Each structure stands twice: as C-alpha cells, then as structure tokens.
Amino acid sequence: MDTTQLTEVKPLFTQDTIVFGLLMLALGFVFYTSTSENSFWKKFYKYIPALLMAYMLPAALTTFGIIAPEWGFENAEGSLVEVTGKSQAYYIASRFMLPAALVLMTISIDLKAVFNLGWKALAMFGTGTLGIIIGGPIAVFLIALVSPETVGGAGPDAVWRGLSTLAGSWIGGGANQAAMLEIYEYNTANYAGMVIVDIVVANIWMAILLLGIGKQEKIDKWLKADNSSIETLKEKVSSYAASISRNPTLADFMVILGIAFTVVGIAHFGANEISEFLVANFDAVSDKKSAWSSFGSQFFWMITIATILGIILSFTKMKKYEGAGASKIGSVFIYILVASIGMKMDLTKIVDNPGLIVVGLVWMAIHVALLFLVAKLIRAPYFFLAVGSKANIGGAASAPVVAAAFHPSLATVGVILAVFGYVVGTYGAMLTAELMRIVAPIT
C-alpha cells in the first residue's frame, strides 16, 4: 500500500505492560474514590456508577492519544486503513479473564433460581433482536428522506451492504459480523467506516446502560416492574455466601485461581477442537457465507464451555470457595475487561463520518425505544432490559459484564442470553439486510 498520502498515527504508549499499568491505575483510582468518605466523591458516585467510570477513564486515555487499541496509517477521512500495531489488552482480558470470571461467578449459582427468572428475560432478548431487525431498515428509510447519498450507493459500495455487518455484530457478535461481510461482499475499502459506527454507537449505548444501573430503582418503579425473581436469586446466593464466609488464606486464593484457569485452559482446548472439527467436517460451518458459520467461532465455544463447566462445578464441593471470595476475584477480572473495552472507544470518532453515525444512532434509538415499550407493557425489570439488549449488542463479551454489574450471581444470565444471540445472529442480520436493501436508495 502506498503510504505517502496517509498519516501515521501512534499513541504515546504502545507497550502492553505500560498500557495494562495505566488501565489498572484507572481502576485503582475509581475504586479508591468510590469508597472514599470525601463528600465530593460521595455525591459524584451517587449519580455516576463506578462501573461507568471504569469504562470512561480508559476511553479518555485513548481519546487523548495516550493509549490505543490499534494504530497505523489513517486516510484523509481519519479512518485507519493500515494497521501496524495492536494492543493485546482486550484479547487477554476477553480470552483469559472473561472465561475465568464466568467460572468464578457461576460456581455458586443456583441454577433452579436462574430458570425461575421466567419468560420475561427471553422476551426482552427477543425484543432487542426485533429492535435491531426493524431498526435498520427504518433508520435507512428515514435518513434517505433527508440525505439519500448517506445510505445510497450501488454494487459492492451500497451502504446497506455495509450496514448488514452492523446487524450481524449487534444481533450476534464478531463471527456474525464477519459472515455478513462475506455474504453481502461489501467493499472492504469502506469497511473501516462501518467498524467505527459499530464501536461508537454501541459504546455510547453501553455507557448509557451503565449509567442507568445507578438509577435502577427509579427505572423499575417507572416500569412498575416485578423484581421478586431477581431478588430471590440474589438473596439465595448472598445468603449462601454469608453462611460459608471465612477469612481466605493464600491456599484459598491459589485454589480459586487454579480452578478458574484450569477451566479456561480446558475451555480453550475444547473450543479449538470443536471449532476445527465442525469447520473440517461441515460445509455449512466452513462456508463464511453460511448462516451456520458462527458455530465455527472459537470464542463462542470457549464461552459456552467455560459457563457449562462453571455450572457443573456449582454442584460440587468447589462451590464452597465462594465463601473465600471466588466471585470477588471474578469481579476483578470483569472490571479489567470493562477497562479494556473502554480503551476501544475514541470519543473523537463520534464526529467522523457523521452521516453514518446518525444512521447508527437512529437505529439504536429504535432498538432502545422498543425495549422500553415492551418492558413497560410486560413490567419487566431494568435488569432484563439491559441484559437483553447487551446479549444482542456486545454478545458474550458484554452481556455478563452488564449482568454482573447488578449482582455477580447474575452473570450467567447474560451468558445464556448471549449464546442465543450467536445462534440467531446471522439469520437475523440477513433478514435485516434484505429489508434495508428494499428501502435503500440507489445513488
């Protein structure tokens, strides 16, 4: 590639040991101030949840060019067209710490109580999916009335083809997004713009959701929600933890970490084997244009295996390690994941390609409006709304994070719903794409 007409961009720190140190500094600052007796910080965290701060501070570090998820050469529009370096912070957090957190948060779960959460959790997940499916074509139609060139184009450059990748990402995840790129053959030279829309809009909604957690009681009161099943689950887990609580020893911590990362190793091994077997033996999985291709995702199987093994361990004596702080260590890993997700957000990108950003915001607004409408009608708690949304938009990397923000025992709910997202992601995205094709103008 000719780099003479491109601008090289690079953060101040590219070494991951330094990046990780800065992320931990941000988390340390958040937890120190959020537990401070200082009147300013008490008032501040009354309105701003600590989890949101753990997300936004790394975003600020990226925005000011101190760290970055990746770097390289940008074109005149500010899109990264050639990557020369990439931080591994998110990869390590999502591939090592997330499955470990899921094991430690699931080890004390009451599976019966999870199932007793009822049909509303699935209803809100389905509503979130429907919001993405109908939101895409409605957003394209509305924007076309004002600025047809923004959502127009023809052939491989047709914007609706690029937006199909957003639908794949927002219903399922990265594997579904890649499948849409293959199926609809969008011009890869323009793909970076769609990735920016995905990151910016999805992360804005993530920030709003986290902010809403601090207002959970008021939102639930407005929704007239019945929280009894959620409170029962939280109470059961909390009561059990209290009954076996003890002063943890070094041996306890080592055993807890041993359990967690042994399962992580098994999950990675199993994910590799299953993924390779399916890809090698089933054409529908190996074909990136197939709706079944997402089952070839190693990440999907890693999360699934880690969760299943965590549930199995909850029926063994290993469950007693909750009394030594298993879920607290899991929460540490979750917060590190949140910080690594936050560093992927460059706030200046909001002004890049404003037309497509507006399309994404309108699309997301429809998704959110439908969620609140249905939640109001069926009196679903904000927890179901938030997790049902993130099980679609963010998938297995974000849904358990949001669920655990309500209570560590609820992380499993996020994973279970996110698995549904993987399953329906490609089909839902294909339907969305075909609807957008119908309403998109040809320019």
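What is the handedness of the crossing of H12 and H15? Keep that in mind while you set up the view.

**Before you start**

This is a predicted model: local features need pLDDT of at least 70, side-chain atom pairs count only at pLDDT 80 or more, and totals for chains, interfaces and linings use all residues. Residues are numbered from 1 along each chain as its sequence is written, and side-chain values use heavy atoms, with hydrogens and water left out.

**Stop 1: the whole chain**

Show the protein chain as a cartoon. There are 19 helices and three strands. Both are DSSP runs numbered from the N terminus: helices are H or I with at least four residues, strands are E with at least two. The radius of gyration is 22 Å, close to the 22 Å that the globule rule gives for 443 residues, so the chain is as compact as a globular protein of that length. That radius is taken over C-alpha atoms, and the rule is 2.2 Å times the number of residues to the power 0.38. Along its principal axes, the C-alpha trace spans about 65 × 55 × 50 Å.

Now colour by accessibility. Of the 443 residues, 54% count as buried. Buried means under 20% relative accessible area, exposed over 50%, partly exposed in between (1.4 Å probe, protein chains only). Contact means heavy atoms within 4.5 Å. Among contacts with a separation of 6 or more, 82% come from residues 24 or more positions apart.

**Stop 2: H12 and H15**

Select residues 250-281 for H12 and 326-342 for H15. They pack at an angle of about 60°, with axes 10 Å apart. Axes are lines fitted to C-alpha atoms, for helices over the stretch in contact; angles run from 0 to 180 degrees between N-to-C directions. H12 and H15 are therefore oblique to each other. Angles under 35 degrees count as roughly parallel, over 145 as roughly antiparallel, 65 to 115 as roughly perpendicular and the rest as oblique.

Back to the opening question: the crossing of H12 and H15 is right-handed. Show side chains for Phe-253, Ile-256, Leu-257 and Phe-261 of H12, then Ala-326, Ile-329 and Phe-333 of H15. These make the contact. By class, it has seven nonpolar, no polar and no charged residues. Ala, Val, Leu, Ile, Met, Phe, Trp, Tyr, Cys and Pro count as nonpolar, Asp, Glu, Lys and Arg as charged, and the others, Gly among them, as polar.

**Stop 3: H4 and H14**

Select 89-106 for H4 and 298-313 for H14. Their packing angle is about 25° and their axes are 8 Å apart. The two are therefore roughly parallel. H4 passes H14 in a right-handed crossing. Residues that meet here include Ser-94, Arg-95 and Leu-98 in H4, and Phe-299, Met-302 and Gly-310 in H14. The contact has 10 nonpolar, four polar and one charged residues.

**Stop 4**

Go to Asn-203 in helix H9 (residues 191-213). Asn-203 is buried, at 10% relative accessible area. Leaving aside neighbours within four places in sequence, Asn-203 is in contact with Tyr-55, Asp-198, Ile-341 and Met-345.

Next, select helix H18, residues 399-406. Seven of its eight residues are buried, including Pro-400 and Phe-406.

**Stop 5: two loops**

Most residues other than glycine have a negative phi. Lys-224 has a positive phi of about 55°. Find Lys-224 in the loop between H10 (216-223) and H11 (228-243). Lys-224 is exposed, at 52%. Finish at Arg-379, where phi is near 60°. Arg-379 lies in the loop between H16 (354-378) and H17 (382-392), and counts as partly exposed at 45%.

How values were computed: A crossing is left-handed if the near helix is turned anticlockwise from the far one by less than a right angle, and right-handed if clockwise.
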